[in-house]
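Here is a friendly walk through a two-chain model, written for someone who likes to know which side chains meet and where. Please keep the viewer open as you read.

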Amino acid sequence: MNLLTHSLTRRIFICSATLLVIAGCSRGPTEKPKFAIVISTLNNPWFVVLSEAALTRSNELGYDATVFDSQNDPAKEALFFDTIINGGYAAILFNPTDADGSVANVRRAKEAGVPVFCMDREINSTEDAVSQLVSDSFSGCAALGEYFIEVMGEEGNWVEILGQAGDNNTWNRSGGFHSVIDRYPGWKMVAQQSGEFDTNTAMEVMDSILQSQPEIDAVFCCNDAMASGVYQAILSSGRDKEIKVFGFDGAADVMQKIGEGKVVATVMQYPKVMARTAAEYADQWVKGKRNFEKKIPVAVDVVKEDNLEEFTAYGKKE
Amino acid sequence: MGSRRLVRWGLIAAALAVLCYFFPLFHIVRVGDAAAEKIDSAADYLEQLWAKDLPASHGRAIDVVELVTALAADPQTATFGRKVGLSDTRFYFARGTGQITELSGAKAMLRIEGIDASVCLKLGILTGSAVRDAPGLVDVNRFARLQDFNALSGQLNEKVEAEVIGPIREQLAEGARVAFVGCAQVKGPRDLSPLCLTPVSLKIVDEATP
């Protein structure tokens, strides 16, 4: 019996030791796990803030992180995902270029065992990304719409400058604003065009609209980059006293213009909240958590002259 | 000799257990969380929600006396309220009776029975997502696109205007007693002065005495 026990225990010990060595060896040299941060474009300061917040929080949590700039190009984004999936990244913090087009990239990552956490922009899926943190743009623009009616009254001519068609944020923001203004038949939308979320494009579009529309009372822009371009176009036309501008984002220059009475209001998003939370969720995933809310709306706030002092660019004053 | 061996193997086993904790040989992964059932038809979903789920939930609405009392004690109270996503906005689902003290196209002020407090019922153009979010019936995780989730807000508001407020509007008068079930959206202290609810059920209990 002693001989049998001795032999058995020795075999167990050898097997365990072998397995342990294999496990240790397969882990490779001790290295920091790393996150990939994929951003739609770093050409917009708002996304630079998103990216930097994700990077900082990832580092604070003990991860190396690499930022990839898709430059608004879905093909580039797909190539980045190839690199990331083969590059040993523990998680992806993702700001998609296209709500439909980016689904395939997220799915590939999921199938490769790399979790994806979306920031600011969603993909049209509840099954592929682990979690998606998206500003509650609809509610924010509905609140902006209510303030618009309060300030502008119940009738007039207005213009809408939309964002990129492939970004659901365009339709969430437009939908929220329309959910209020369309209830007032006195308000007539005289023009609606995309400024592609870009300052220069929006300025050109507004130039053109100003030439064809002699009576405009207000412009709603789906982001502040466009609001800046639109304001510039209006100023150049000499009609800045008659046309009021409303934006979305909480960008530094528009906040300043609100203080100067040049822009009426914007809606503050919180890129740092979304980025930090995405990094924290990725960290929780690495540590074993698996149940996350799939879609998480993140509250936003209307910023106007009388509450401007509560805010700073891209966030609230602490 | 036997006990020494036992101790030695016990220590080795303990060491192995610790090492396996830090270098797991395998992970247990749940085979996909039960994915929330997707919504195939937005129109069918709206009808089911409006015609069946929402009326069936009226009994779960908190007594407005309890709610107003709790909010008076602590305006930040989490009791009875719910949130959606990362937000400080709270939604409340409440029922009660009250007498109309002021009436306009936009709202009716009610003196609540059982407490020295007033609430208002919204009767004008409805905006916001109180009806969608206060009862706790709509799960944002079921929507592949937030646009569809958002569209529900406006659709439900239009239902309330057409089917709850519209049929009864002409009969409302100052002095009338009404029973209601309503939804409130509270972003901050201003929304508590007074608490305003969007009615999803509104009945006249006693008409105003001429």
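Which residue of chain A forms a salt bridge with B:Glu161? The partner is A:Arg183, and the closest N and O atoms of the two are 2.4 Å apart. A salt bridge here is a side-chain nitrogen of Lys or Arg within 4 Å of a carboxyl oxygen of Asp or Glu.

A word on the ground rules. This is a predicted model, in which local features need pLDDT of at least 70 and side-chain atom pairs count only at pLDDT 80 or more, while totals for chains, interfaces and linings use all residues. Residues are numbered from 1 along each chain as its sequence is written, chains are lettered from A and ligands numbered from 1 in the order in which they are written, and side-chain values use heavy atoms, with hydrogens and water left out.

## Where the chains meet

The count between chain A and chain B is one salt bridge, the pair of B:Glu161 and A:Arg183. The interface also holds twelve residue pairs in polar contact, both residues at pLDDT 80 or more. A polar contact is a pair of N or O atoms within 3.5 Å; within protein, one must be able to donate a hydrogen and the other to accept it, and residues adjacent in sequence count only if both atoms are side-chain atoms.
On the side of chain A that touches chain B, helix H1 (2-26), strand E5 (131-135), helix H5 (137-152), helix H6 (168-181), H10 and strand E11 (295-298) of chain A each supply at least two residues. H1(A) gives the largest share of that side, seven residues. Helices (H or I, at least four residues) and strands (E, at least two) are DSSP runs, numbered from the N terminus.

In total, 39 residues of chain A are in contact with 31 residues of chain B, contact meaning heavy atoms within 4.5 Å. The size of an interface is often given as the accessible area lost when the parts come together. Here the two chains bury about 3,000 Å² between them, 60% of it on carbon and sulfur atoms; this is the accessible area (1.4 Å probe) that two parts lose on being put together, summed over both.

## Salt bridges within the chains

Over all chains the count comes to 20 salt bridges.

| Pair | Closest N to O |
|---|---|
| A:Arg108 and A:Asp82 | 2.5 Å |
| B:Glu163 and B:Lys159 | 3.5 Å |

In the pair of B:Glu163 and B:Lys159, the two residues are four residues apart in helix H5 (residues 146-165) of chain B, so about one helical turn separates them. An α-helix has 3.6 residues a turn, so residues three or four places apart point the same way. B:Glu163 is partly exposed at 44% relative accessibility, whereas B:Lys159 is buried at 15%. Buried means under 20% relative accessible area, exposed over 50%, and partly exposed in between (1.4 Å probe, protein chains only).

## Helix H2 of chain A

Helix H2 (residues 45-60) of chain A has 16 residues and reaches 22 Å from its first C-alpha to its last, close to the 22 Å expected at 1.5 Å a residue. The expected span is 1.5 Å times one less than the number of residues. At the N-terminal end, A:Asn44 caps H2(A), with a side-chain oxygen 2.8 Å from the backbone nitrogen of A:Trp46. A:Gly62, with a positive phi near 100 degrees, follows the helix.

A:Trp46 is also one of the buried residues of H2(A), which include A:Phe47, A:Val49 and A:Leu50. Among the elements covering these buried residues are strand E1 (34-39), strand E2 (64-69) and helix H10 (271-286) of chain A.

## Chain B as a whole

Chain B has five helices and six strands, running α-α-β-α-β-β-β-α-α-β-β from the N terminus. Of its 210 residues, 38% are buried. Among contacts in chain B with a separation of 6 or more, 67% are between residues 24 or more positions apart.

Past strand E6 (195-206) of chain B comes the segment that holds B:Thr209, a residue exposed at 73% relative accessibility. B:Thr209 and B:Gly182 are 27 residues apart in sequence and 25 Å apart in space, C-alpha to C-alpha.
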